[in-house]
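Subject: Structure for you, with notes

Hello,

Here is the structure I promised to pass on. My notes follow below it.

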Amino acid sequence: MLKLKDVSKTFHGKENIDAVKHVNLEIQEGEIFGLIGFSGAGKSTLIRMINLLERPSQGQVWIDGIELTALNEKELRKIRKKIGMIFQHFNLMRSRTIAQNIAYPLKRRTFWRKNDPEAWSKNEIQQKVAHLLKLVELEDKANAYPSELSGGQKQRVAIARALANDPKILLCDEATSALDPQTTQSILKLLKQVNQTLGITIVLITHEMGVIKEICDRVGVMEDGEIKELGNVVDVFADPKETITRNFIATTSNISKIYELVKQRSEITVLRPGERMVLLSYNTINTNQALISQISRDYEVDANIIFGNIEVLQNKPLGRLVVIFSGKEENIASAIERLKAKEVKVEEIETW
Amino acid sequence: MVELLIQIFPNLAKLGDEFVEAIGDTLQMILFSGAASFILGTFFGVVLIVTRKNGILQNRLIYNVLDKAINVIRSIPYLILMMMIIPLSRILMGTGIGVKGAIVPLVFGTVPFFARQIETAIAEVDKGLIEASQAMGSSPWEIIFRVYLKESIPSIARVTMVTAVNLVGLTAMAGALGSGGLGDFAIRYGYQRNMTDMTYASVIVILIMVSIIQMIGNLIIRKTSH
Ligand SMILES: Nc1ncnc2c1ncn2[C@@H]1O[C@H](COP(=O)(O)OP(=O)(O)OP(=O)(O)O)[C@@H](O)[C@H]1O
Ligand SMILES: [Mg+2]
C-alpha cells in the first residue's frame, strides 16, 4: 500500500548532507512497521518524506497506487488528511482545549462550504470528538487545555487528533521518546489497538529496540541514511545479520553482559579443561529448556546455564542461553551437533 | 467636582471646552490610526513570517524588500518622518493638518514598529505546530489564521498594548505639527502661554489613557493564556 522507490534526500547547506540514500521500501496494509536507528541516521527525514513534509531530492512515494511526488500542493493536502502523524513533542495547540485540538483537522461546514460533502456540521464534529475521546480514554478532559495534561495524556490527544479524518496510515516520529517506560507501554498498547481494531497501517520510528519488540511486525534498521537490515521482527531478533542490528538487540537483553564478564575474567567465565562455553539461541516453539536436560542425559554432558534471557515475541519464545558444557570432548561435540539439528543456533564464546 | 477641578487647574475655567475637544481629538487619532496600524502591522508581520527563509510561503524578494523598508522607516526620527509624509497625507486625506492630517503620519510611525513586534510574537509559535498542521493537510491560509494568529493571541495582545502606549506618545508629538489633540493643547497653552496647570492636566489625561490601555491589554492576556 505504501511504497518508497529509490528515495533520497540531500540537504544543501555549507556542506551537503545525504540524509537518506536510495531507500526502497514497501509497507503492507495493516502492518506495524518500525524503523530503528541512532540519532542522525535519517529516520525522521525518511518518515517525513512519506507525507512529503520533506520533498525527496530523488525517487517516488506511492500510496495506494497514487504517486504523491507527482501531486500539486492542493491534491497533496487532500491526501495528507488520510495520513495521520504524531510527534515526539505532541505538537498540540495551547490556545485550544483538548476537544478543539481534536476537532482541528475536521473541515467545518461554513456558509462558503455549504454544499461541501466533506464538511462536518457542528453536531457531527461534537459526536466525532466524543467518540475519539472515548477511544483514547480521555472523556473527562474534553474542556481542559494541553498545559493541564501529562505527557502521556498529550500523546493520546495527539493520537485522537491524528485519527480524526479516519486515516489509513499513521506515522509516528519518536512518539514515545519523551515518555517514561510505563507511559510508553500504555501508548504502545493504544497504537496496537488502533492498528488491530481500525486496521490502520502504522509506520513508527524509534531508537529504542524495546518499542520495536513490543508492537512491530517488521523492522528496518537504519544507519547513515540507508536501511541496512529489514525483516520480520522475530527473524531479525533471532538472527541479526548486521553489527548495528546486534548492537540494538544487545540493548534489550542482558546476554551481551557475558562478553564483558569474559573480558573481565569474571570467575563464572573461567573454564576448566575440557569445558566449552556456548551461546544458544532458539526461536521455535518446540525448542525449550527441556532439550538441554535431554541432551545432557543422552550424551552424558553437564550443562551449566550461567546466563539466560527468554522472551516472547509475537507469541513465539526467543531464547538465548549461555551454557558451559563439561564432559568428554566427543560427547560435547555430538551434543552440539544435536542442538544444531534442532534449529538451535550455537555460537562458541571464546574465553581465556 | 467641576469646582474642585477648576481650583486645581484654574485655566480650565475658560479653556474647559477646548480641553474636552482636545481629549476627543486625541481619542480619535488613537482610534483611527490605531485601527489602521493594527491591520496593516499585523498584515506585514504575517507577511514577514510566512515569506522568511523556511517559511510556509518562502519568498526572498518580498521578505527582503519588506524587511529593508521597515528598517529604513524605523531609523528616521519621528518628527522628520512626519514632515516628510505631509505631502502624502495631503494626497490621501486631503489635508496635512488637524486630526485628519495626523492619521497618515501616525500610521507610518506605528506600522513598522508594530509589524516587527507582530513578527516576533508570531515567531514564538512552535515550529512543530506548523509541521503538525501541514501534516493534517492545512492550507497556508488555515495555518495563518488557525495556527499562527490564534496561537499568538496573548503575545499579540501584549505587543498591541506596548504599541498603543507608544502611539499615545506619538499623537502628543504630532501636536508639534499642529495636529490638534492633547499634545497640541499642551504646547499651545501650557508651553507657549505658560499655563503650567494645562500641561499637567494634559499629562494626567494621557496617563489615564495609558493605564486604561494597559488594563485592557492585561485582561486580554490573562483571559487568553492557557
Ligand atoms: N532541515 C534540515 N537541514 C539540514 N540538515 C538536516 C535537516 N534535517 C535533518 N538534517 C540532517 O540530516 C541527517 C538526518 O537527520 P534526521 O533528523 O532524519 O535523523 P534522525 O534519525 O531522525 O535522528 P534523531 O534520532 O536525532 O531524530 C542529520 O545529519 C541531520 O543533521
Ligand atoms: Mg528524528
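What share of the residues of chain A count as buried? Of its 352 residues, 51% do. Please keep in mind that this is a predicted model.

**Chain A overall**

Chain A has 12 helices and 14 strands. Its C-alpha atoms fill a box of roughly 90 × 50 × 35 Å along the principal axes. Take the contacts in chain A between residues at least 6 apart in sequence: 69% of them join residues at least 24 apart.

**The interface of chains A and B**

On chain A, 21 residues are in contact with 19 residues of chain B. The area buried between the two chains is about 2,000 Å². Carbon and sulfur atoms give 50% of that area. On the chain A side, A:R77, A:S95 and A:Y104 lose the most area to chain B. Together they make up 29% of what that side buries.

The rule finds 1 salt bridge across this interface. A:R48 forms a salt bridge with B:E131, with the closest N and O atoms 2.4 Å apart.

Which elements give two or more residues to the chain A side? They are helix 2 (73-80) and strand 6 (83-87) of chain A. Strand 6 of chain A gives the largest share, 3 residues. By class, the chain A side has 9 nonpolar, 4 polar and 8 charged residues.

**Nonpolar cores**

In soluble globular proteins, nonpolar side chains tend to be buried together. Here the largest nonpolar core has 57 residues. Within this core, A:I86 and A:L191 touch the most other members. Helix 5 (residues 151-163) of chain A gives the largest share of the core, 6 residues.

A:I86 has contacts well along the chain from itself, leaving out residues up to four places away in sequence. Among them are A:Q155, A:A158, A:I159, A:A162 and A:L191. A second, separate core has 53 residues. Its members include A:L35, A:M49, A:L76 and B:V46.

**Salt bridges**

Over all chains, the count by this rule comes to 22 salt bridges.

- A:D64 and A:K168 meet through their side chains at 2.9 Å, N to O. The pair links distant parts of the chain, 104 residues apart. A:D64 is in the loop between strand 4 (58-63) and strand 5 (66-67) of chain A, and A:K168 is in the loop between helix 5 and strand 7 of chain A. A:D64 is partly exposed at 36% relative accessible area. A:K168 is partly exposed at 41%.
- A:E118 and A:K78 form a salt bridge at 3.8 Å, N to O. This pair also links distant parts of the chain, 40 residues apart. A:K78 is in helix 2 of chain A, and A:E118 is in the loop between helix 3 (98-103) and helix 4 (122-135) of chain A. A:E118 is partly exposed at 43%, and A:K78 is exposed at 53%.
- B:R188 and B:D184 form a salt bridge at 3.5 Å, N to O. Both lie in helix 9 (residues 181-191) of chain B, 4 residues apart, about one turn of the helix. B:R188 is partly exposed at 30% relative accessibility. B:D184 counts as buried because its value is 11%, under the 20% cut-off.

Salt bridges that share partners also join A:D239, A:K241, A:K345 and A:E347 into one network.

**A buried arginine**

Is A:R320 buried or exposed? A:R320 is buried, with a relative accessible area of 10%. A:R320 sits in strand 13 (residues 316-326) of chain A. Its side chain reaches the backbone oxygen of A:F237 at 2.6 Å. A:R320 also touches other residues, including A:P240, A:I249, A:L279 and A:F307.

**Positive phi**

Most residues other than glycine have a negative phi. A:D166 has a positive phi, near 50°. A:D166 is in the loop between helix 5 and strand 7 (169-173) of chain A, and is partly exposed at 45% relative accessibility. A:E300 has a positive phi of about 55°. A:E300 lies in the loop between helix 11 (289-298) and strand 12 (302-313) of chain A, and is exposed at 61%.

Best wishes

Note on methods:
Residues are numbered from 1 along each chain as its sequence is written. Chains are lettered from A and ligands numbered from 1 in the order in which they are written. This is a predicted model: local features need pLDDT of at least 70, side-chain atom pairs count only at pLDDT 80 or more; totals for chains, interfaces and linings use all residues. Side-chain values use heavy atoms; hydrogens and water are left out. Contact means heavy atoms within 4.5 Å. Buried area is the accessible area (1.4 Å probe) that two parts lose on being put together, summed over both. A salt bridge is a side-chain nitrogen of Lys or Arg within 4 Å of a carboxyl oxygen of Asp or Glu. Ala, Val, Leu, Ile, Met, Phe, Trp, Tyr, Cys and Pro count as nonpolar, Asp, Glu, Lys and Arg as charged, and the others, Gly among them, as polar. A nonpolar core is a set of buried Ala, Val, Leu, Ile, Met, Phe, Trp, Tyr and Cys residues joined through side-chain atoms within 4.5 Å. Buried means under 20% relative accessible area, exposed over 50%, partly exposed in between (1.4 Å probe, protein chains only). A polar contact is a pair of N or O atoms within 3.5 Å; within protein, one must be able to donate a hydrogen and the other to accept it, and residues adjacent in sequence count only if both atoms are side-chain atoms.
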